[in-house]
Amino acid sequence: MAAAIATSHRRSHEYGLYPGVHPDFAPLSGSDLSFLVERNRILHTHAVPAMETLYQQIANTHNMVLLTDAQGVIVHSLGDADFLEKANRVALTAGVDWSEESKGTNAIGTAIAEHAPATVHADQHFLAANHFLTCSAAPITDHGGNVVGVLDVSGDRRSFHKHTMALVRMSALMIENQLFAAAFENAITLHFHARPEFIGTLMAGIASFTPGGRFLAANRNGLFQLGLSCPALQAHTFSSLFGLPLSALYDHYRSAAPGLLDLNMHNGVRVRGRAELRLTNGMHVLTGAFEPMPAAQPVAQPAPRPAPRRMSSLRYLNTGDAQLEQVIAKVGKVLGRDVPILVMGETGTGKELLAQAIHNDSPRAAGPFVAVNCASIPETLIESELFGYEEGAFTGARKKGASGRLLQANGGTLFLDEIGDMPYSLQARLLRVLQERMVTPLGSGKSIPVDMELICATNHDLRKRIADGLFREDLYYRLNGLVVKLPPLRERTDLETVVRKILVGEREDGRHRISDEVLALFRRHRWPGNFRQLNNLLRTAVIMAGDEHEIGLRHMPDDFLDDIADTPAAFAGTSAVPAPAAPVAGANLEELELAAILQALAANGGNISATARALGVSRNTIYRKLPHLR
Ligand SMILES: Nc1ncnc2c1ncn2[C@@H]1O[C@H](COP(=O)(O)OP(=O)(O)OP(=O)(O)O)[C@@H](O)[C@H]1O
């Protein structure tokens, strides 16, 4: 360090500074300061919690915690009141520039100049005005290795403690990992270390890959363990770095309770790992573990490397509901048998997800999965969308023509969603394609052979549509090789598992859980939007809950609680609701409901908000039922 301090002093001279100078301690003006914070918003957001934790460890030691931008200008500070007065003399406050150019040798400026952690003690500071300080600073870098800020602890020189630097470095690493996670939210993220107990700690390496397996980036410890520079890693993939095909990674996480992965790195080092992939629809596809991770294995006895298992996508969907289990068993029997499958079910019951799982488990999994929603394409376009067209087939046709969705599904699976909404005129054409296995694009005399599996879905009663003259009977019989019906959410017996699974997908740490009260309400809700509704509701609730681990009634949106309140059955049996006094013979539901509200009001001392919370309804609902309370 002494050499680095001497070099820094030389630089300070070159900047035209001299030790006795009284430097410019003026901070940025108000609007410039706001601009500085705004420009560093992401850094600020992720650094402040780590700064607060760091500060808790050093509180009452006459120290301050400082965050600067990449140039050394202070963005945020936390400090001991008794030290603040002294600190103000040298302006350890937001908006002041602590680069070497401005203040000569100091931990912040020197850490930036050296691109390395720096401790500058007492008279090691270049300016005499700063000799009463002792400072420890660590640069914060992004995944490309660029310094984006500095974390620093500065205090009275008599308060110097040799462990301060270790704390600062750990906190900087924590901030870097947060920035990394935010930058690669939708990537496959692998947390790895040779010692399994270090996975999930600051020591773990983290590497990100595209869903196709291409290397994107690694954090500081990841780069260290991989032993390659960032540019050298760009040519790599998941399998070239960790010796496991990507498909085996997906398979691993389709098992009911996947443990840590055993991986052989390109340099021969064996590591253990845990992978995650967050999809934009909010579900993790990789962290198939609904249960907490199994305890790490002792270091001395690494588990024998298991033979790669192929776990099915269908099995991944199977979360314990008996009706669903039957559906999965049935479709499992016809996989690859060229039997068209018709999936029935209300909106949002997961028909498309099931179709995708069937495709993934079929012998055509390597081919394309092409989904067409017949209800969402305008009737005038559906023909060209499905069958494609030749160049110049109609006004507005693209120059080179288009292949059409049927041909795009060649070699894979075509999923026709909302088949009941297929225009009647096109149904005969579709039937011909299915019978002859040939597609004739619009405006073309040529027929092209096509080879695909067909899965259709509908939430209409197709027999009724046939009776109404809206659906062709011959097409119906061609489509319904195997008909399966997905149960609506209100009939599923695995609601708790499903909720847990969605919550695991909502946040990387998967730490939210639902309260028994809310689960009881969920069990009584009608769920008209099925999984789509449940997913959205849980996503909002997780945001509402923030740092609270348990999702309770107070995190539920009002419209949901209103819906529940309008479902009389919802009042029976929830732990939140005291059972109404012995029902009066002949009382109707409304009377029972009123009795329950009055009882809850009494139990909550007439407090409307507490009563609403206890009953799982909004305050408006209470006022609606008992208008005299307004
Ligand atoms: N088992 C499940 N667990 C969690 N989320 C699910 C599950 N099944 C479906 N979803 C989610 O619910 C939403 C609707 O699913 P999907 O599109 O498969 O339903 P659908 O029955 O095809 O709906 P629609 O009839 O409206 O087209 C999607 O966001 C999907 O990811």
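Analyst: Begin with contact: two residues are in contact if their C-beta atoms, placed from the backbone, lie within 7 Å. Helices are DSSP runs (H or I, at least four residues), numbered from the N terminus. This is a predicted model, in which local features need pLDDT of at least 70, side-chain atom pairs count only at pLDDT 80 or more, and totals for chains, interfaces and linings use all residues. Residues are numbered from 1 along each chain as its sequence is written.

User: Which residues of α3 meet α7?

Analyst: From α3 they are I42, H46, A47, A50, L54 and Q57, which meet L167, S171, M174, I175, Q178, L179 and A182 of α7.

User: How is such a pair described?

Analyst: Two packed helices are described by the angle between their axes and the distance between the axes. Axes are lines fitted to C-alpha atoms, for helices over the stretch in contact, and angles run from 0 to 180 degrees between N-to-C directions. Here α3 (residues 41–58) and α7 (residues 164–183) cross at roughly 150°, and their axes come within 9 Å. Therefore α3 is roughly antiparallel to α7 (angles over 145 degrees; 65 to 115 count as roughly perpendicular, under 35 as roughly parallel and the rest as oblique).

User: At what angle do α1 and α6 pack?

Analyst: The angle between α1 (residues 2–14) and α6 (residues 107–114) is about 100°, with the axes 11 Å apart. The two helices α1 and α6 are therefore roughly perpendicular to each other. A4, S8 and R11 of α1 make this contact with T110, A113 and E114 of α6.
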